Amino acid sequence: MSTLNNQTEQVKEISGVNPLKCMKCGKCSASCPSFNEMDIKPHQFVSYVQNEDIEALVNSKSLWKCLSCFACVERCPRDVKPGKLIDAARQIVIRQKGQDYLSPNEIPELLDPEIPQQLLVSAFRRYRR
Amino acid sequence: MQRIGVFVCHCGTNIAATVDVAKVAEMALNEQGVVHAEDYQYMCSEAGQAKIQAAIKEKNLTGIVVCSCSPRMHETTFREAAERAGLNPYMVEIANIREHCSWIHKDVEEATKKAVILMRAAVAKVNLNAPLKPGESRVTKRALVIGGGIAGIQTALDIADAGYKVDIVEKTPSIGGRMSQLDKTFPTLDCSACILTPKMVEVNKHENVTIYTYSEVEKVSGFVGDFTVDIRKKARSVDMDKCTGCGVCQEKCPSKKTLSEFNRGLNTRSAIYTPFAQAIPNVPVIDRDSCMKFQTGKCGVCSKVCQAGAIDYEQQDEIITEKYGAIVVATGFDMIKLDNYDEYAYSQSPDVITSLELERVMNAAGPTKGHLERLSDGKAPKEMVFIQCVGSRCSDDRGKSYCSKICCMYTAKHAMLIRDKYPDVNVTVFYIDVRTPGKNFDEFYRRAVEDYGVNYIKGQVGKVIPQPDGKLLVRGVDLIDNKQILKEADMVVLAAAIEPNPDVRKIATMLTASIDTNNFLTEAHAKLRPVESPTAGIFLSGVCQGPKDIPETVSQAGAAAVKAIGLLAKDKLMTNPCTAHSDELMCNGCSQCANVCPYGAISYEVKEINDHGVRETRRVAVVNNALCQGCGACTVTCPSGAMDLQGFSNRQILAEVDAICR
Amino acid sequence: MSIEANEEFKPKIVAFCCNWCSYAGADLAGSSRLAYPADVKIIRVPCSCRVNPMFILRAFEKGADGVILCGCHPGDCHYSTGNFYARRRMTMLFSMLDYMGVENGRTRVEWVSAAEGVKFSTTMNEFVQKIHSLGKNVRLGDLRCRN
Amino acid sequence: MQELIARAKELLADGTVARVLGWKAGDLPYNPEPAYFEKEEDFKDFVYNSFCGANLSKFMIEASKLEGKTLVCLKPCDTYSFNQLLSEHRVDRDKAYIVGVGCKGKLDIEKIKKQGIKGIKSISGAEISDEADTLTIDTIYGEKTCAFSDAMLERCHVCKGKEHKIYDEIIGESKETKDAERFAEVERIEAMSPEEKFAFFRKELSKCIRCNACRNVCPACSCRKCVFDSTKFDSSQKANVDSFEEKMFHIIRAFHVAGRCTDCGECSRVCPQGIPLHLFNRKFIKEIDELYGEYQAGETVVEKGPLTSYTFDDVEPGIVAERG
């Protein structure tokens, strides 16, 4: 299995999402509060995973613009949940950097008043296992 | 000792490509009782059947095994062929070596081995088969239609026109159903009432049709050709014979605060009411839950004003018991509840409405007398947004997994009608796909876009946010432009998914008709028997079987009627001879079998039994072969093994088990 | 898959399928070409409630390695209530087999509708795999040896 | 016992009943056997003591076919069986005059013998009227004693209660003798590994000689013709002929009485090989209680038992595998 493929599989596995279930309705993008900040829109995330282009996702701005508000997860009618895919792509980046864990000690200096509280909570949920 | 013939079908290459058919035939000759075996290209063909018949005659066969496709496909074919050659049709067994073997296995050796085992099991069974003779049962020449919407009306009319009696049972006070709530119909835009009302009148007048409105089916027993149904005619509190339908009672009724079901709760009605002006019968009912007379004992205005003296507060529910030969289910649909869709603000703003509510708003007899206006402040809207697929095509538990089928077309209709009547209103439709298969359907949709300037946006709405100024902020996405859209709308219309009438599960259980996970009734065959339930004598008409529009409903209603007529036209029916049979020498009379019989087919008789010369009077089970459908529940419950199922006897099944495990 | 790895063992598996749902589901699996191992042999019964626990015991006694019973989903029985009785009976039988130390993975009940060809096929694949993991059935054939 | 005899004679004399179904003394002091008494003089052999374990309900199937009423002596636990037979229309209530006889626990001679007490000549303390906690046994080797409860049948240790569930009149006092958990043994087996379970049952079942005593005594096994004697399942003939029957007899028998077995314990009492057959039935009772709600067969006359009824939300058979 190629690295590319491997990454796709990883995203699918981490997120538990089957991107083939997507019916391309766009409700995720319609729900997304960060839509305008994103270069790859939430609904496109799904097709990027379908097309196995994780590299582009990993290098996208969107990855870090997602607030993890989970509006898309909540509203997706097909159980595809782009928010989870984004989260999974982040996880891949973190893993590539060899940092599977985020330590609470690192938080204060990373803290930026612009960062929404929810992102922190979400990041913690993900990386503090 | 049986003389068995085994016939192995190639089914072209369907079987022969994976199973060594000649080998199967050759191996068959080693089996007990087998005196003839051959293979042929198409056993079900004329020539194939002729081979079977020739062998039966020449070799004096007493039983045959056909190794072919599923018995669900050709069991009847081969049984009939055997019967024409003078062999009892129940001496035929099928070994399914296509669906259960050649089609799912690739390895020829493995598939052949399995086919041989399946053949052996069938031979083992047929060795124990006994000729069975179907019984006869009579057919009651009367049909019951459950549901008085367009589907039920059409079915009833068609059956009645063919000369058979039909009863319609309708739960609400009037027939007419959903169609009576619609304003205009696609793709011709003719008014719904204009085409429906004449049919309602026709069915009401028809000498062969009896209509029970405000009534429900309470109990069903019996079987195809001979159902017995209890119908509960709920107390109307109005004497149907005396009432002239003048309407004064409704006018004078002081209790006018109940939400109108017909207008989808958008306005109110009196406690004594007919759902709508063209109701049939044009006789009101008293809704006892909201009537002051019934709730407090004080009032009685309707009785005072009724010139005809038709008001009867003492009226009781009435149970009508009637026999029917066929039952057609036409229970229709409702919109799903939108409680789980907070993001569309349906419960927060009166200006977010469903499409069916919009039908009432647009209808001249509706709550706004047909004026398009916001229900919150009565103002004329300038911006309207339609959201498609609300609750349809959902794989989560908030909505329905299926496409509701009618929404694309009615939304195009709504959009077109609004743009036509109010050209200054902007109409935007958020859609996922626009699905318009149907005669003149896509043309209709294109007209909405091209001639009427309806703005179709490929994308969904994520949230509708009611603003302090009463506007609705719609946040959607345009997937083509890849832009998020923020739009202020005055009204939002939701194309909510449709679902089968919630009562249908109860009805299906009474009818022992199968139902799928979405509560749609299951058809006997998805393609070839789409209007019949797998339960004999039960037919399906309209949306109870699956989402469909009016033309489709009407054609299915006609088809269901034809099937029912075909049944009613018969004087006698052959009954399934594979029924349970109790050996009275062994029966304990313990009643366990009757406890599990779903058809009440088992009764007990106290009779004299001669057990090899010993006479004894005792209680034994007796199976009514006309009622027994052959499920076999009793056979397993019976502790002594006195109860056995013909065609699927204990010994036959054990022989199959032994043959497979050999 | 372990099925290829273990070529020696060809389990005998009996599947009782009700005529209305599961047998039709098996037909659908067939017409959809959804493969499952040839070890599975189907016996058609009118309803899951026709299956006497004696049939299952007999299969084991005659050398079956696994027995599976498939019927309509509860509530969808063609005979309206048959599978409810089957469900209780099989629960009792399975619990007794478990109680007697016979591996409880050798028996299974699955509700498969006429539309669930995929489910039929995956169920059979899973079941065959399970039987492979349990190996040959010796216990039920050997419950009362007289030595 | 004298009161019982007196009353029985009275009912016979006034024609209320045509016969009395009770126990008569056997050839040993501890083996009374079921018997009919029709005439006054028959009663010289009548006995009712703590060795009268036999459940007379089943005899009422045949007695129901006889002319006139039969007086039947039923202990509290026997009345469950009678009710169950009534539910199944096997006995005729109108043909029975039920005398609920007192019971303070029934004795198992095997348990006495296991204590090394041999050569028994007579046993005192086993009379119903006795309040003795100890049995005094006169043997050819002299007098021996044994605690009453140590000699009780297994079923009496898990006594269902001293109440008669159906009767026309009650003669004598009853005592609840329960001093153990009904399902303790079943739970002990459940806790074993599959290998241990299998070894346990194989050992027990291997003792079976297919004498059919369990079947013949069981009030639930009252079929006119047993499936094991019928050709309909290819399971006829006696032991050894058909291996199917051989191996599966006890499982199938337990299944046949599941939901109908009142746990009267007669199967284990009569088994000459001492196989604890009640452990099969009690397993089913435990499962039914746990999965479908508490149910005691024979508590009352009912139409449907747990295996001839259902609820929509019943557990799936997979529960057995899931709970491991």
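1. A nonpolar core is a set of buried Ala, Val, Leu, Ile, Met, Phe, Trp, Tyr and Cys residues joined through C-beta atoms within 7 Å, where a residue is buried if 20 or more other C-beta atoms, placed from the backbone, lie within 10 Å of its own. This is a predicted model, in which local features need pLDDT of at least 70 and side-chain atom pairs count only at pLDDT 80 or more, while totals for chains, interfaces and linings use all residues. Residues are numbered from 1 along each chain as its sequence is written, and chains are lettered from A and ligands numbered from 1 in the order in which they are written.

2. The largest nonpolar core holds 298 residues, and B:Val6, B:Cys67, B:Met119 and B:Val492 have the most contacts inside it. The element that gives the most to this core is helix 5 (residues 108–127) of chain B, with 11 residues; helices (H or I, at least four residues) and strands (E, at least two) are DSSP runs, numbered from the N terminus.

3. Another core, of 44 residues, lies apart from that one and includes D:Phe37 and D:Leu71.

4. In chain D, five of the six residues of strand 1 (residues 19–24) are buried, so this strand is largely enclosed by the rest of the structure. Strand 1 of chain D pairs with strand 2 (residues 33–37) of chain D in the antiparallel sense over five bridges, pairing being defined as at least two bridges found by DSSP, and D:Val20 stands opposite D:Phe37 in strand 2. Strand 1 of chain D also runs parallel to strand 3 (residues 70–74) of chain D, joined by three bridges, with D:Leu21 opposite D:Val72.

Key
Buried ≥ 20, exposed ≤ 12 C-beta atoms within 10 Å, placed from the backbone.
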